[in-house]
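Student: I have a protein chain to look at, and I would like to learn how to read it. Could you take me through it step by step?

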Amino acid sequence: MEAVEQMLSTTPNQPDLSRENLSACIDACVACELACVACADACLGESQVAALRKCIRLNLDCADVCATTARLLSRSLEPQEELIRAQLELCVRACKECGAECFSHASMHAHCRVCGDACRACEEHCRKLLREQSGAQP
């Protein structure tokens with residue numbers, strides 16, 4: 001999203017993290033949130049909904065975690081580093097669990113494959129920011 005990068009570049013409080021990595025992570029979180037909501041909705045439209053109950057629950061949980069992560073990362077005024085770290089770690093966990101569940105249904109449901117891909121991308125971007133935050137190479 002160009003808007004995210006533009007906002008990050010115009011804020012008077014420049015983030016300590018790489019603007020490029022931060023912007024990419026926010027975009028990945030938003031994309032994952034929307035994919036998870038759409039996947040949960042698609043699962044509800046399937047004939048065997050009961051078999052997808054866990055997937056739906058993880059989709060909804062992951063969507064909420066990703067939305068919160070994107071919002072926290074978007075704020076640059078006096079960031080709470082420990083809170084951001086904890087939220088990134090939570091997002092990694094939520095995306096990993098949701099992605100694994102979605103991939104277990106991917107052979108039967110294309111929407112689960114798409115969601116699993118979005119979860120994997122978000123997990124990778126969050127891990128990259130965690131490494132950068134800890135001073136390791138992004």
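Tutor: Gladly! Let's start with a definition: a contact means heavy atoms within 4.5 Å. In this structure, Cys 122 touches Ala 28, Cys 29, Cys 32, Cys 66, Cys 91 and Cys 95, leaving out residues up to four places away in sequence. This is a predicted model, where local features need pLDDT of at least 70 and side-chain atom pairs count only at pLDDT 80 or more, while totals for chains, interfaces and linings use all residues. Residues are numbered from 1 along each chain as its sequence is written, and side-chain values use heavy atoms, with hydrogens and water left out.

Student: What does the radius of gyration say about the protein chain?

Tutor: The radius is taken over C-alpha atoms, and the globule rule is 2.2 Å times the number of residues to the power 0.38. For 138 residues, a compact globule would come near 14 Å, and the 16 Å of the protein chain agrees with that. Along the principal axes, the C-alpha atoms fill a box of roughly 50 × 25 × 20 Å.

Student: How much of the protein chain counts as buried?

Tutor: Buried means under 20% relative accessible area, exposed over 50%, and partly exposed in between, using a 1.4 Å probe and protein chains only. Of the 138 residues, 43% count as buried. Ala 94 in helix H4 is counted as buried because its relative accessibility is 14%. Ala 94 touches Cys 62 and Val 65, again not counting residues up to four places away in sequence.

Student: Which residues touch the most other members of the largest nonpolar core?

Tutor: In soluble globular proteins, nonpolar side chains tend to be buried together. A nonpolar core is a set of buried Ala, Val, Leu, Ile, Met, Phe, Trp, Tyr and Cys residues joined through side-chain atoms within 4.5 Å. The largest one here has 40 residues, and Cys 32, Cys 62 and Cys 122 touch the most other members. Helices H1 (2-10), H2 (19-45), H3 (53-74), H4 (81-105) and H5 (110-133) each give two or more residues to this core, with the largest share, 11 residues, coming from H2.

Note on methods. Helix = DSSP H or I, 4+ residues; strand = E, 2+ residues; numbered from the N terminus.
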